[in-house]
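Okay, thanks everyone. Let me put the structure up and then walk you through a few bits of it.

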Amino acid sequence: MVTYLGKGLREVVHPSYQAWSYATLLEGFNEAVYKGGIAIKPCAFLHNYARDGVIDDPYYSGYTEKAPLFLKGAKEQEQLRNFIKQHVKYGDSKEVLYELANGRIRPSKALADALKGLLTSKPEFVLIDDQKEVFEATLASARVASSTAPKVIIIEGGPGTGKTVVAINLLVRLTSAGLLGQYVSKNAAPRNVYQSKLAETITRNRFSNLFSGSGRFFDIEPNTYDFLIVDEAHRLNEKSGLYGNLGENQVQELINASTCTVFFIDEDQRVTLSDIGSKQAVREFAAAKGATVEEYTLASQFRCSGSDGYLAWLDNTLDILPTANQILDTSEYDFRVFESPQALHNAIEDKNDQNKARVVAGYCWPWLSKKNPHADDIVIGDEYRRQWNLDKDGSLWIIAPESIEQVGCIHTCQGLEVDYIGVIIGPDFIVRNSKIITRADERDRHDKSIRGYKKRLKIDPEQVTAEVDLIIKNTYRTLMTRGMKGCYVYCTDEETAEYFRAMIRTSTNMS
């Protein structure tokens, strides 16, 4: 809902949803409730809001039925009194409140069983080969970790090695064992998509308390959690809060908040100047806490048609890391270069029969449609006019069926995958005489990934130029490794397109 709050209009959850979600949290995690026989009956009372057909619109009936809504007026107050009398027969001198406040925080058996049932029904969460080996080793360590013998685990793996599959399995298994923990990511997209995949219905609110952003642990008591699963740990920031003014260091805070903290890292996917998650930083903060560090590597490739060769070729072609893979055989991985953005988008739409193909781009165009829903964002030539990922889809853009019409960005696809990815390479990445040139000034001025680089250039131009250069290359590397079966590209610069065509071996080097 949109309401006036904090000196302006804000989008907030419906009050009935809010009350119901709090009740669900208590039922799922407070032992005084699920073991002590305390029944929770949520409702919402807005004492100064008159019934107007908006807040009580039938659209919200799914929530108002779970948590009845009472508004302004004598009649409404009488209905609230009747509701309370129906469910609260006698007073108890605050005894229930005391039990709630002091109830042990642990996941309920009902929650754990529901999680296990959901996971076993989804083949995309089945562990294979070294995924299973790393999972079992991490599981054993997390179970024996304690405040006197804390553990920190680093799991490294490139695109498609199954980091998130292992992470979700750990979350479910450890929660099922009665341990208190959360799946943590800096980016909202991975946690929201996987939370949605686990539940797929309105009932996912039961599981939402198991998923968290990385910026809320700066004021958590030490060892509050038995485990924290930190996915996409390379995206962690130093500071938290809207203005980057809270806490000291997210890596340190996550380690201190849990007796066992598991970091899933791919340092080659650092895509903003503020990304500080590294294996070395984790080791240093673990040592400061006195935690034992264990390190594992996921090597088997399941994205990119199992092609390690494609990733090695991509590193070489994007000038990230020299490799022997200078020419890509497209019979092993479906890579194509298109002459127009519309042809690229048409080809991706043709591959979208299972809702597993999307188009993404470098952030070189302003997001005009965020303020004007009728505006076009990515405009190339006379024919191609598309919008960035719809604001209403938010971090679930990559699985929203209608999102095939839009173009996604790094923030809505990192940590996620589709079968086929279409990538529009913008003017921030060009090739001249076979030399890669990155141009930060071609990124949209609202792009936060390299925010502040001009100021830093004055202090250390050589270091900052190298950092920004790598971030732009890593951005395209990440975008171009979202497709398990194929990657199609269009380059706004023709010489760059010719460069990619020259790097592939196929019957026809152009589409």
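So, is the crossing where helix 7 passes helix 8 left-handed or right-handed? It's right-handed, meaning that the near helix is turned clockwise from the far one by less than a right angle, with anticlockwise being left-handed.

Quick caveats: this is a predicted model, where local features need pLDDT of at least 70, side-chain atom pairs count only at pLDDT 80 or more, and totals for chains, interfaces and linings use all residues. Numbering starts from 1 along each chain as its sequence is written, and side-chain values use heavy atoms, leaving out hydrogens and water.

Back to that pair. Helix 7 is residues 130–144 and helix 8 is residues 163–176, and their axes come within 10 Å, crossing at roughly 40 degrees. On the helix 7 side, the contact (heavy atoms within 4.5 Å) is made by Gln131, Phe135, Thr138, Leu139, Ala142 and Arg143. Helix 8 brings Val165, Val166, Asn169, Leu170, Arg173 and Leu174. By type, that's seven nonpolar, three polar and two charged residues.

Next, helix 13, residues 308–317. Eight of its 10 residues are buried, so the rest of the structure largely encloses it; buried here is under 20% relative accessible area, exposed over 50%, and partly exposed in between, with a 1.4 Å probe and protein chains only. Trp313 and Asp315 are among the buried ones. After helix 13 comes aspartate 319, with a positive phi near 60 degrees.

Last, cysteines. Cysteine 260 is buried at 0% relative accessible area, while cysteine 43 is partly exposed at 26%. Searching the whole structure for disulfides (cysteine sulfur atoms paired within 2.5 Å) turns up zero.

Conventions
Helices (H or I, at least four residues) and strands (E, at least two) are DSSP runs, numbered from the N terminus. Axes are lines fitted to C-alpha atoms, for helices over the stretch in contact, and angles run from 0 to 180 degrees between N-to-C directions. Ala, Val, Leu, Ile, Met, Phe, Trp, Tyr, Cys and Pro count as nonpolar, Asp, Glu, Lys and Arg as charged, and the others, Gly among them, as polar.
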